[in-house]
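Try each task before reading its solution.

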Amino acid sequence: MRSSFLRSALLGLPLSVLASSMALAQGGPGADTPDAVDGQVTSLGAVRVTADMPTLAAPGFPASLVTVPIERVEATINAVDVEDAAKYLPSIFIRKRNYGDTQPVLATRTWGVNSSARTLVYVDDIPISALVANNTTIGAPRWGMTSPDAIDHIDMLYGPFSAAYAGNSMGGVMRIVTRMPEKTEVTVKQTEAVQSFDLYGTHGNYSTSQTTLTAGGRQGDLGWFFGANAANSFSQPLSLITGPSTPAGTSGTIPALNKQGQAANVYGAGGLLHTRMLDLNGKLIYDITPQWRATYLVGYWSHHGQSDVDSYLANAAGETTHGRMAGFASNTYHLSAHHLMQALSFKSDTRGSYDGSFVITHYDFLKDNQWSPAGVTAGTDVTGNGRLASYGGTQWTTVDATGFWRPQGYGGAHEVSVGVHGDRYELNNPTSNLADWQDPSSTTTLYSAGRGKTRTEALWIQDAWQLSPSWLLTLGGRYEWWKASDGYNDSGKTAVNQPVEKADAFSPKATLQWSVNPGWRVTGSLARAVRFPTVGELYQLVSTGSTYSVPNPDLKPETMRSGELAIEHGIDQGLLRLSLFQENTRKALISQTSTLPNVAVPVTYVMNVGELRNRGVELVAQKDNVLVRGLDLSGSITFVDSTILSNDSFVSSAGTTSQGKHAPYVPRWRTTVVATYRPDEAWAFTLAGRYSGKQYSTLDNTDNTSHVFGAFDSFRVFDLRAHYQVNGHLAASFGVDNFTNEKYFLYHPFPQRTYVADLKLSL
């Protein structure tokens, strides 16, 4: 009776609470998962029917974990870039503005798009998070370090409940797990996309063409996998040029407001970006012995782009003009970047009492330049001189060593894991004046500069203890030592050597899991997490148009206390999970753009906010063969009350306050729904939808005007996809993203209706 009732309740859930194109799964313990008892539990893949009440198994992570296999991605998602594979995960949003976007940051259920350093992203054991900053520019994960066709599955671990991960895991940990072919294979995939865009005075179709080639195989003890991905993309406008009035002697201004309801008339569109990108990546594995394996990973990313503008202004003669508005100059620029990542790991799998691993990584901005004119002149002309902003020389290195001890042997009641971590992040961000803005080698004097280093060292230990067949206790702790040094800022007029900063912290973790019976599980988790300021938050100095990002070298670490209670129930061919969570963060590092007294232009700066509280509930549901065979439904709905409890450091020229207001970039409601119908083994038809509520981008919540440039709107976006597996070697797909043509802003104008088609040949 109880099983029948729950099954009926699931089928009655409205479509709005169903989400994510994933097979909800919980990965079992293994050598690469130090926070579970190896051999004590079985892997929970997509829940299979073995009885009227399918059995749940303990996860390979202390708290909530969701997995999406690549087979589900290929069948249900219009995936062009690597990050698209995580598109429908519960409570997850990846801010991707356009195909080939270099800034797709990850938002979780408690932290928004301006929190890139509050989540960790890995490719296998290799961190690809850019913890050099905590922003939407250089802080995005380096997704291009692997190929979409190299992915086996993606795990999303929610919360900072494992001692194996730094405090940057407060939002969660995403692990992209790649595959290694056992026999030689080659795949070729061609993807074409066209976006139809219409906003203000800009109308057009913007296309993307992408070619992906992968090859892999194994010969004896040596395995290899290489990927190449080349894309040629034209984006919709990523920016608008606005101002409070109509430029003298012009017509064509479109009346509009900014996010705070003030006049911000639109003069034209900017950021019409044409990019040419090349990702090359490779993975080599060598079985040194039957127990020890060495892995080498390399990724090279090349990016060249050009941004143009579209002016709506005309002079008295009817000729197009920039109206001497400087925004047209800052939105006219060229890009050129070359990045290189390398990683080496050694790992054992003895199936005995001891195992270990060692991983070292290095990421280097070999070249990363953006150059633009300094201003505008008459008509549509720009100045001959300009500026060059560079990140060349920015780099980071990480080292991790982990040991595993099983006191009762493999499959015993205990698995103790202990680790050592070290990292060093270095920022180099000079902006130089150019004699000829179109010649990046014509540098003259220094315009501004920001540079510095951070270093973190850590020790951690964790014990997963199977108290009884029904109870699993995981206890751990992490101690970290952090230092910021060599900080330097130069505004072109004033140079400052910033002071050395040091901090240390201990972060305890605890998770208790109770398997009530084979179909029910209750998990409670508590943790403390400490995130130290990134080198970018401390020292980055950037000017973008009329807005300036200024450094704050006196920032203190932010400290979080986090808790989650998760109740899971396995049903016939499906799973339900209800999670209650709360996080209290003190001295939260928040980026804020504001007008300050005696400062003529808006200023972006990072501050320590007194205390934030994120409290909410998440419901996740998944079921196969709903009503008819072949119809799969999955989804999630998340509510978060994110409140600023105290903030004495907030400064406002308008006399507003931030205390009691909603925290920036965190929507109250977020929902994802996916319905996939497979009439046979060859075809899959998917309808997916995502909803996000209104977000604020100001600490005092004064940005109440929606559907304008700079606003963070609520949105409802629906996608379609039809996938046809022609045979074992050929697959074709056609889809439409945002087929209802929702027009919304997340600061930038986001993509409108886009048609996507791909053809994949596997040999």
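The exercises go from the whole chain to a single residue.

This is a predicted model, in which local features need pLDDT of at least 70, side-chain atom pairs count only at pLDDT 80 or more, and totals for chains, interfaces and linings use all residues. Residues are numbered from 1 along each chain as its sequence is written, and side-chain values use heavy atoms, with hydrogens and water left out.

**Exercise 1.** Compare the radius of gyration of the protein chain with that of a compact globule.

Solution. Start with the rule: 2.2 Å times the number of residues to the power 0.38, with the radius taken over C-alpha atoms. For 763 residues, a compact globule would come near 27 Å. The protein chain has 26 Å, so the two agree. Then check the box: the C-alpha atoms fill roughly 80 × 60 × 55 Å along the principal axes.

**Exercise 2.** State how many helices and strands the protein chain has, and what share of its residues is buried.

Solution. Count DSSP runs, numbered from the N terminus: helices are H or I, at least four residues; strands are E, at least two. The protein chain has four helices and 36 strands. Next, burial: 59% of the 763 residues count as buried (under 20% relative accessible area, 1.4 Å probe, protein chains only; exposed is over 50%, partly exposed in between).
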